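Please open the model in your viewer and keep the selection panel at hand. We will walk through it stop by stop.

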Amino acid sequence: MTAAIPESSRTYDLSFARWVRENVKGGDKMNLCMQCGVCAGSCPIGGEMDNGPRKTFMMVRAGMKDEVLSSTTLWNCTSCYRCYVRCPRGIPVTSIIQGLAAVAAKEGYADKEKVANYYFSRAFWWSARTFGKTDERLVTMKYFFSFGLAEGIKRSLANLKIALGMIKAGRMHVGMPHTIRNKSQLKAIVAKAAELEQKG
Amino acid sequence: MSEKMKVTYYPGCSSEATGRHLDESIRAVMPEVGVEMSDIEDWNCCGASVGHIGGGPLPTLALNGRNLSNARKQGNEHVMTPCAACYLNTHGSNLTIRDDEAKREKVNEALKAGGAEPYDGDLKVHHAMEVLVNHVGMDKIAERATNKLEGLKVAGWVGCQTVRPFAETDDGGNYDTYEDPDFLDNITRACGAEAVDYEPKTNCCGGSVAVMKPEKTLHLMKLLLEEAEKSGADVISTPCPLCQTNLEMYQDAINQKYGTSFSIPVVFPSQLMAVAFGMDPQKDAALQRNTIRAEKLEKMAKK
């Protein structure tokens, strides 16, 4: 990990911290951060993150919007909530990281090479919105093929043994996806919620 | 608790796929200890750990709002789910709808757009494990466990979201701690099995990151398996459907990457209970659905 030392060539968005405070769930508590690092030290997957939560918070304060929103920290969070329950200041760290990830996704910061999570989440949401349920088979396939046909086939074959084992154990069905009955209702609810979120 | 408890049951999407054995064993054992379940009418997905990225925070909240609104219509204040992510989202959304007026108004506007009833957050959301701890009690499980699992060594792996961040219950108080929960070992003991010391009991398997990028999280699961082996466990018991599937299906990949030879069965506490209750090993305990079969446990099952 290399420290992101501010350079004069960088642009800082000094309204970013305030924006996060007002728009990201838990952001109003971020002021309480004393940079102790319990969050980063508790993270099971910190080795996969460029900055980690502690540094991310300081970068938000510094107005480093682009760096924060294009950071790998947002996309590798496993949502285990260890940082959340350990924070001595009671900051909902996980919620803030998730909130920033949602902002990054919305504002187009998700880079295909770096953020598998974004593509997985899109595939997941497609299933939830279309069928009302997660179809693990289709989500996985859609995710695999979001990296192109060749990559999709390669990854599918690599997971064939697992899939066959699951089918044999009756934990993966062959046939149409499970769906809720009132799909049109769910679509209307989700569409309205998306519209309200867009309005802010 | 000696009287019956009625709950509205939210099985979650994994109940129809990778977590079928959790759903089947929960449906089998819960009525045996006095918990009557009826499913949420036409339930939908909760958004799991990635809905906020794929669809956004408010649409994810609205998904949960629809489930809670449907549960509310069933006229029972208790909602119960056996899935860690379903619990986290349903419980978290319930609190948000209850405490955040602006969000509640927006969710209800969305629900109205779909012709669903408004919801104001007055239900109580429980994890199935919390129901066992606070409403059933270990004594009742031990009493019902007539086919004690004597000699079975069990490593209790709670995982993360089952107790984090909502170990606080909607009834007030906690059902366990974030870092060192006891409930899983207590269930093991109530079934007559031995709960071995298992240090990484609340470690994360990688969750959805393990599904999308297993190479980033294999080391996390390797540690879980190593510690289970060191503890002498015959099986690992976990309440979480994603933990169970991840740790089971990636053992081959871990063996390939690290040159190990793990083949440790990973079961649900409700499967242990079904066997200890002397119930059907297939229909009730769903032991045939484990891709790494728990042979020692299967031998203990009443035929």
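The tour below goes from one chain to the other and then to where they touch.

**Before you start**

This is a predicted model, in which local features need pLDDT of at least 70, side-chain atom pairs count only at pLDDT 80 or more, and totals for chains, interfaces and linings use all residues. Residues are numbered from 1 along each chain as its sequence is written, while chains are lettered from A and ligands numbered from 1 in the order in which they are written.

**Stop 1: chain A**

You will find 12 helices and zero strands; helices (H or I, at least four residues) and strands (E, at least two) are DSSP runs numbered from the N terminus. The C-alpha trace of chain A spans about 55 × 35 × 35 Å along its principal axes.

**Stop 2: a helix pair in chain A**

Now pick residues 116–131 of chain A, which are helix α8, and residues 136–145, which are helix α9. Their axes come within 8 Å and cross at roughly 140°. Axes here are lines fitted to C-alpha atoms, for helices over the stretch in contact, with angles from 0 to 180 degrees between N-to-C directions. That angle makes α8(A) oblique to α9(A); under 35 degrees counts as roughly parallel, over 145 as roughly antiparallel, 65 to 115 as roughly perpendicular and the rest as oblique.

Show side chains at the contact (C-beta atoms, placed from the backbone, within 7 Å). From α8(A) the contact includes A:Tyr119, A:Phe120 and A:Trp126, and from α9(A) it includes A:Leu138 and A:Tyr143. By class, the contact of α8(A) with α9(A) has eight nonpolar, one polar and one charged residues. In this scheme Ala, Val, Leu, Ile, Met, Phe, Trp, Tyr, Cys and Pro are nonpolar, Asp, Glu, Lys and Arg are charged, and the others, Gly among them, are polar.

**Stop 3: the domains of chain B**

Move to chain B and colour residues 5–127 as domain 1 and 145–295 as domain 2; such bounds come from an automatic or database domain assignment. The centres of the two domains, taken over C-alpha atoms, are 24 Å apart. Their contact takes 26 residues from domain 1 of chain B and 25 residues from domain 2 of chain B. On the domain 1 side, α1 (20–29), α4 (84–99) and β4 (124–127) of chain B each supply at least two residues, and α1(B) gives the most, with eight.

**Stop 4: the sheet of chain B**

Strands pair if DSSP finds at least two bridges between them. Zoom in on β3 (residues 78–81) of chain B, which four bridges join to β4(B), and find B:Met80 opposite B:His126 of β4(B).

**Stop 5**

Select α3 and α4 of chain B, whose axes come within 9 Å and cross at roughly 90°. The two helices are therefore roughly perpendicular to each other. Among the contact residues are B:Leu61 and B:Asn64 of α3(B), with B:Asn89 and B:Ile97 of α4(B). The contact of α3(B) with α4(B) holds three nonpolar, eight polar and no charged residues.

**Stop 5: where the chains touch**

Finally, show both chains: 52 residues of chain B are in contact with 55 residues of chain A. On the chain B side, α3(B) gives the most, with six residues. That side has 23 nonpolar, 19 polar and 10 charged residues.

Definitions and conventions. Contact = placed C-beta atoms within 7 Å.
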